[in-house]
Amino acid sequence: VYAGLVLLSRFIPDRILLFPALVLIFLGFCAFFTWPGSQLPLWQFALALLVITLGYPSSQALSYSLYSQLIGQLPTGVLMGLLTSGGSLSRMVGPIIATLIYEYVGGTVVFGVVAILCLGLLCLLLLGFHFLSHPTANKLPPPSGRGDEASTPLFRVVEDEDEDSLYVGDRLLTLDSAVNG
């Protein structure tokens, strides 16, 4: 899966590749649905598992890639560590919550909740699609008269003589602008 992503990402931006990966996860969890009182056939279980197995690692790798591109020059190690910690926490707490829901309500509700979450992620991806553009696609003018023609990521830190400045897009974010809007 990862080798295919590496080849595809040379020609197709990550934000576009993320959409089919999330669709695969959504379809995989929808395939787990059964009518009340009926059992899930083995072929349906195997198909759902295969589809999720293709979608999950793809979406995880693409999400990490997009996140690292969006944070730009902010402290990458700290922010990537927070993302990884959040993922680890969800993989630790998620099965416990899913087991509790499964015991009290049943498997259809568990897979339904996950499918709804995947559908929500797809909607968020579509709504924020233009924010996820590759930094080389954002040809913003350099801030504060700097002469370089480098592209501007969504967030960046510029070190001045007085203090560090945080830019969101091409706008300087200061404490005063954050409080007063």
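## Helix α3 and its neighbours

Helices α3 and α4 are roughly antiparallel to each other. This is a predicted model. The protein has 181 residues, of which 28% are buried. Its secondary structure comes to 6 helices and 3 strands, and along the sequence these follow the pattern α-α-α-α-α-β-β-β-α.

**Helix α3 itself**

- Helix α3 covers residues 42-70, which is 29 residues.
- From its first C-alpha to its last, α3 reaches 42 Å, and this is close to the 42 Å expected at 1.5 Å a residue.
- The buried residues of α3 are Q44, A48, V51, I52, G55, P57, S58, S59, L62, L66, Q69 and L70.
- An α-helix has 3.6 residues a turn, so residues three or four places apart point the same way.
- Just after α3 comes G72, which takes a positive phi of about 55 degrees.

**α3 and α4**

- Helix α4 is made up of residues 76-104, and its axis comes within 10 Å of the axis of α3.
- Two packed helices are described by the angle between their axes and the distance between the axes.
- The axes of α3 and α4 cross at roughly 155 degrees. Angles over 145 degrees count as roughly antiparallel, and α3 and α4 are therefore placed in that class.
- The crossing of α3 past α4 is right-handed.

**α2 and α3**

- Helix α2 consists of residues 14-30, and its axis comes within 7 Å of the axis of α3.
- These two axes, of α2 and α3, cross at roughly 150 degrees, and the two helices are therefore roughly antiparallel to each other.
- The crossing of α2 and α3 is left-handed.
- Sorted by class, the contact of α2 with α3 has 14 nonpolar, 7 polar and 2 charged residues.

- I52 lies in helix α3. Is I52 buried or exposed? I52 has a relative accessible area of 14%, and buried means under 20%, so I52 is buried.
- Along the chain, I52 and L22 are 30 residues apart, while their C-alpha atoms are separated by 9.2 Å.
- F19 has its place in helix α2.
- F19 and G55 are 36 residues apart along the chain, and 9.9 Å separates their C-alpha atoms.
- G55 is one of the buried residues of α3.

**The nonpolar core**

- In soluble globular proteins, nonpolar side chains tend to be buried together.
- The largest nonpolar core here has 19 residues. Which residues have the most contacts inside this core? They are L18, L22 and F29.
- Helices α2, α3 and α5 (107-127) each supply at least two residues of this core.
- The largest share of the core, 6 residues, comes from α2.

Technical notes:
Residues are numbered from 1 along each chain as its sequence is written. This is a predicted model: local features need pLDDT of at least 70, side-chain atom pairs count only at pLDDT 80 or more; totals for chains, interfaces and linings use all residues. Side-chain values use heavy atoms; hydrogens and water are left out. Helices (H or I, at least four residues) and strands (E, at least two) are DSSP runs, numbered from the N terminus. The expected span of a helix is 1.5 Å times one less than its number of residues. Buried means under 20% relative accessible area, exposed over 50%, partly exposed in between (1.4 Å probe, protein chains only). Axes are lines fitted to C-alpha atoms, for helices over the stretch in contact, and angles run from 0 to 180 degrees between N-to-C directions. Angles under 35 degrees count as roughly parallel, over 145 as roughly antiparallel, 65 to 115 as roughly perpendicular and the rest as oblique. A crossing is left-handed if the near helix is turned anticlockwise from the far one by less than a right angle, and right-handed if clockwise. Ala, Val, Leu, Ile, Met, Phe, Trp, Tyr, Cys and Pro count as nonpolar, Asp, Glu, Lys and Arg as charged, and the others, Gly among them, as polar. A nonpolar core is a set of buried Ala, Val, Leu, Ile, Met, Phe, Trp, Tyr and Cys residues joined through side-chain atoms within 4.5 Å.
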